[in-house]
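The points are grouped by topic.

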Amino acid sequence: MSHLLQTPKTAYSSTVDVLRYLIQARSITPSDAGTLNFLATQLQELDFTVEQFICNGVKNLIARRTFGEGPTLAYSGHVDVVPAQPAGWRVDPFSGQVIDGVMYGRGAADMKGSIAAMLSATRHLCTMEKNKPNLGTFYWLITSDEEGEAEYGSLEIARYLQHRGVKLDACLVGEPTSGKIVGDTIKNGRRGAISGRITINGKAGHVAYPENTINAAHIAGELVTQLAQLNWQKDVPGSQTTLQVTGITVPNIVDNLVPASCEITFNIRYSHAYKSKEVCEIVKSVTGQDKFCAQLQWERPCESFYTGKKAERCFLSLVEHAISKQLGHFPALSTAGGTSDGRFFANADTQVVECGVKNDSIHQVNEHVSLADLDAIEGIYLSILRDFFVPQE
């Protein structure tokens, strides 16, 4: 790990300006393209203590400001984005142009819009003249390694905090969670994910004499059927487990040869009622049957997590009520979708809630966020921060 010292000295007060700056930075995983230095400068101007460290080429930022005694809240986010092919875009995907009140660009929704809105909300919180924050500690935890393998980003940040004895009471993740309107859905957990690779070993031979062969493709077909019919008994409503076969490969180059081997690849998205060890044992009970002659390898495990209600200082309830004050109704709770960095911070001490803009354009051509939605999520974030850090009268 090495520390970075130089940061740009430009102040950005407008949420729109911040988002445009962030979009124009081509921070394709794992590059941060200067965005972490930019955020460091903005947060230092708000009296945050900022550390940056590099782990295996990935840059991470940890910023901290203590307002007083009390609980600890972290905002978790990522500045890295997936690549953007230029074909089909209304504008340059790294321009941050606004058309009819909508800003287009890679990362606008996932999740640079959230970061820009949170920066503005943080600035408002730190500069309030009345009812100033005087409770607790506020962390910013930002990485440039979320869209890739996520091995050297938030995972390392969590380890960094643990090594220093930092315990988070709450973590707000800025992933895009909303559906039809900003704030209508938040995530209080995520399904887990894990990929597998199965190799079937048979015996090659001429197709005219199948009695002298063991067809690996035929065995694979039976195995796939059994995997697809697995009964996930611990599933809970709204958090179903699904196993999807993603590939069946036979390395044959001629049509008169019975294949001696076949490879099956699959991915499982599993309910938060399971942990990866249980999922692996269930699959192994099928693939381990002698008749399949199968070898199983696991890849890219991502644990599930779930945040329920607490009797005291419940962050989930705080977020729900903050949104209710902004929208006039409570958000729906969901654990659907892919994985997120929230899994690295969720534990018995830390309630993790994800809340962000609409997710209907993420990773797509013409990814976008409306300026109205940007304003709405900023208002929600500010309400959350006030309720957490400002003493109630």
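Phe388 and Phe389 are both buried. They belong to a cluster linked by ring pairs, together with Phe48, Phe67, Phe138 and Phe315. The structure as a whole is predicted, and a search of it finds 11 aromatic pairs.

**Aromatic pairs**

- A pair of aromatic rings is described by the distance of the centres and the angle of the planes.
- In the whole structure there are 11 aromatic pairs; one of them joins Phe266 and Trp298 edge-to-face, at 5.7 Å centre to centre with 85° between the planes.
- That pair links distant parts of the chain, since Phe266 is in strand β14 (residues 261–270) and Trp298 is in strand β15 (residues 294–302), 32 residues apart.
- Phe266 has a relative accessible area of 1% and is therefore buried.
- Trp298 has 28% relative accessibility, so this residue counts as partly exposed.
- Phe388 and Phe389 also form an edge-to-face pair, with 4.9 Å between the centres and 65° between the planes.

**Charges over rings**

- Arg164 lies over the face of Tyr160, 3.7 Å from the ring centre.
- Lys234 is placed over the face of Tyr274, and here the distance to the ring centre is 5.4 Å.

**Helix α4**

- Helix α4 spans residues 154–163, and its buried residues are Ser154, Glu156, Ile157, Ala158, Tyr160 and Leu161.
- These buried residues pack against four strands: β1 (49–55), β2 (58–66), β3 (72–78) and β6 (137–143).
- Glu156 and Arg159 form a salt bridge through their side chains, at 2.9 Å from N to O.
- The two residues are 3 apart in helix α4, so about one helical turn separates Glu156 from Arg159.
- An α-helix has 3.6 residues a turn, so residues three or four places apart point the same way.
- Glu156 counts as buried because its relative accessibility is 12%, under the 20% limit.
- Arg159 is partly exposed because its relative accessible area is 44%.

**Salt bridges across the chain**

- Side chains of opposite charge can pair when their charged atoms come close.
- The count of salt bridges comes to 14.
- Among them, Glu354 and Arg190 meet at 2.5 Å, N to O.
- This pair links distant parts of the chain: Glu354 is in strand β18 (residues 351–354) and Arg190 is in strand β9 (residues 189–190), 164 residues apart.
- Glu354 is buried at a relative accessible area of 0%, and Arg190 counts as buried at 7% relative accessibility.
- Glu222 and Lys291 form another salt bridge, at 2.7 Å from N to O.
- Glu222 counts as partly exposed at 37% relative accessibility, as does Lys291 at 45%.
- A network of salt bridges links Arg197, Glu263 and Glu299.

**Partly exposed loop positions and a surface patch**

- Phe330 sits in the loop between α7 (315–327) and β17 (332–334).
- With a relative accessible area of 44%, Phe330 is partly exposed.
- Apart from neighbours within four places in sequence, Phe330 is in contact with Glu320, His321 and Ser324.
- Phe330 and Val357 are 27 residues apart along the chain, and 16 Å separates their C-alpha atoms.
- Val254 is in the loop between β12 (242–249) and β13 (257–258).
- Val254 counts as partly exposed because its relative accessibility is 40%.
- Together with Ile253 and Leu257, Val254 makes a nonpolar surface patch of about 300 Å².

Technical notes: Residues are numbered from 1 along each chain as its sequence is written. This is a predicted model: local features need pLDDT of at least 70, side-chain atom pairs count only at pLDDT 80 or more; totals for chains, interfaces and linings use all residues. Side-chain values use heavy atoms; hydrogens and water are left out. Buried means under 20% relative accessible area, exposed over 50%, partly exposed in between (1.4 Å probe, protein chains only). Contact means heavy atoms within 4.5 Å. Patches are made of residues with over 30% relative accessible area and no salt bridge: like charges are joined within 9 Å, nonpolar side chains (Val, Leu, Ile, Met, Phe, Trp, Tyr) within 5 Å. Accessible areas come from the Shrake-Rupley method with a 1.4 Å probe; for residues, only the protein chains shown count as cover. A salt bridge is a side-chain nitrogen of Lys or Arg within 4 Å of a carboxyl oxygen of Asp or Glu. Rings of Phe, Tyr and Trp (its six-membered ring) pair if their centres lie within 6.5 Å; planes under 30 degrees apart count as stacked, over 60 as edge-to-face and the rest as tilted. A charge sits over a ring if NZ of Lys or CZ of Arg is within 6 Å of the ring centre and within 35 degrees of the ring normal.
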